Amino acid sequence: MPVARPEPQEPRVIAHVDMDCFYVQVEQRRNPALRGQPTAVVQYNDWKGGGLIAVSYEARKFGVKRSMRGDEAKMVCPSINLVQVPVARDKADLNVYRSAGSELVAILSTKGKCERASIDEVYLDLTDAAKEMLLESPPELLELIFEEATKSNILGLPSDIGNREDSVRAWLCRADADYQDKLLSCGAIIVAQLRVKVLEETEFTCSAGIAHNKMLAKLVSGMHKPAQQTVVPSSAVQDFLVSLPIKKMKQLGGKLGSSLQDDLGVKTVGDLLSFAEEKLQEYYGVNTGTWLWKIARGISGEEVEDRLLPKSHGCGKTFPGPKALRNNASVKSWLDRLCEELSERIQSDLNQNKRIAQTLTLHARASKGNECDSIKKFPSKSCPLRYGTGKIQEDAMKLFESGLHDFLGSQNTKWSITSLSVSASKIFDIPSGTSSILRYIKGPNSTVSPANLDCSLPQDPSLGNKLYITPNHEEQCEPSSSEKEDRGKNSNLDKQHQVKEEKRMSKKLTDVKGTCSILKFLSQSSPVVNEKRKLDSLTCSHPGPESSSEPNKAEEHKSAQPFDRNKSNPSGSNSASSSTWMFNVEDIDPAVVEELPPEIQREIHGWIRPPKHSSSKTRGSTISSYFQPAKRS
């Protein structure tokens, strides 16, 4: 249900820019011979000539409508050019149109906050640009007004004037206008300049609405198409809304609008004015009731979001009539194709824009064998999104099976799917400075699935900047002969410190008994060897003066020392199993950490966020403990 938002303290200038017959214009730019000709773009569907998704204004003069199919459009307009959208994976490929829409956004976003609402429309908050123009070069002081701005349609301005452009120019340059209207005048000039720039750089025309809020700008942007703009002064809002059908309002085209018509007899926005705010709150709740009361008066506090990229990625396919999917195999075949496209798009978004999606959602339309029982809709299903085409395909099929189970319930009846779609949502920017765990894992079977990125892992300065991690396997517990000789040469003080240090760190990293080490996930050994190993510990050491005061016990872990891969292994053991991983704590990617099992997360947090110890001074805890006493000659 819609909710009323706080109104801004100062007047704003908001524009809604909408492309004219966008898909047709893209095709006309690709094939200039189509310009000026009746043209329509049809979906990839050969049934009755395909469904029309865009109709040129030349074709509309013959009576062609978007609700028609290609064959019907040819009957109405025999000379119409039907252009099919590009095809990939046996379905429509809209990438060429998405790219064209990005060109529009790149131009419009140069003048203010820009929100990409769809593939061919954007909202602009031009308040700051309008204020700047009003201070530096107010319209009333300009000798010449940008010509395209004088072609604006001003609501409330008499339409029967002889020279409309002169009247518009006079309205834009009024010295006695209030502050709000002066801002709108500046906004109208700015939008006209942007529209001309779009035409020059992309060959596309667009229409626009300019008002003090998003709701009004959206309502009027399509009033005078093509290639025109409409301005809504505050004084004209009430007259404009009073006769507007209630279903034309955003968020009132569905159940809420039907409820207003059926329960309250509201047909137009003006009919809402007869209801007190308390009465509307009684019917629809406090928030929605207040929202209805405000929109009837042209009040909306919705802000323009600074978003140049889409909020989600989705791809779908319809299967009308005999093409309906009636078994799991056909559903899986189509889901695999849809997921392959989705995977490519989110991976491209990740590579180009450093954004990551977190939720995978499946939508479907279905019917049962017995239509009278098909009252319940096929439920949408969601799960965390795992990157990788195979994983997305696997998860999407599981979501479908879960939805089908809920849809059929206990009935064992036939079913058919008439629409399938998958989408990736909850897209966030990757925090700067993060990197993938793949930087540290070089094994051939290592994979990473990005997950939640809204966490940050604080560092403990006592650990320094680097951690040295050595895998400790059961069969490696017994030191080699060369290691025994080396240890024999060390002083007792070195031995005590080394064991204490290992015990202190091991206790931090294995605080949950019975759980495996992260080395289970990082091991580079063969799977056969891994099955025989009991990976129950991880030794992590770091340079620093701190030492543990715990009593010395029997050695349970191997010594962890910085390892130089360029030098030969003194023990002659396999370097793959005895080498040390080295990485910066600052480079740990929180996205990867969040996807690991809980016990592994706690283990990693133990490396980078160790528990604080008391500062009690014990023997061996000072810097002098790191230096052997000089031998007296």
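This is a predicted model: local features need pLDDT of at least 70, side-chain atom pairs count only at pLDDT 80 or more; totals for chains, interfaces and linings use all residues.
Where does V76 lie? You'll find V76 in helix α3, which covers residues 70-76. Its relative accessibility is 31%, so V76 counts as partly exposed, since that label covers values between the 20% and 50% cut-offs.

## A helix wrapped up by its surroundings

Now for helix α1, residues 22-30. Here 7 of the 9 residues are buried, so the rest of the structure largely encloses this helix. The buried ones are F22, Y23, V24, Q25, V26, E27 and Q28.

## How α1 meets α4

Take a closer look at that pair of helices. The axes of α1 and α4 are 10 Å apart, and the packing angle is about 95°. That angle falls within 65 to 115 degrees, so α1 and α4 are roughly perpendicular to each other.

On the α1 side, the residues involved are F22, Y23, V26, E27, R29 and R30; they meet V96, Y97, A100, G101 and E103 of α4.

Follow the chain on and you get to T110, in the loop between α4 and β7 (113-118). T110 has a relative accessible area of 48%, so it is partly exposed.

T110 and L194 are 84 residues apart in sequence, yet their C-alpha atoms are 9.0 Å apart in space.

Conventions: Residues are numbered from 1 along each chain as its sequence is written. Side-chain values use heavy atoms; hydrogens and water are left out. Buried means under 20% relative accessible area, exposed over 50%, partly exposed in between (1.4 Å probe, protein chains only). Helices (H or I, at least four residues) and strands (E, at least two) are DSSP runs, numbered from the N terminus. Axes are lines fitted to C-alpha atoms, for helices over the stretch in contact, and angles run from 0 to 180 degrees between N-to-C directions. Angles under 35 degrees count as roughly parallel, over 145 as roughly antiparallel, 65 to 115 as roughly perpendicular and the rest as oblique. Contact means heavy atoms within 4.5 Å.
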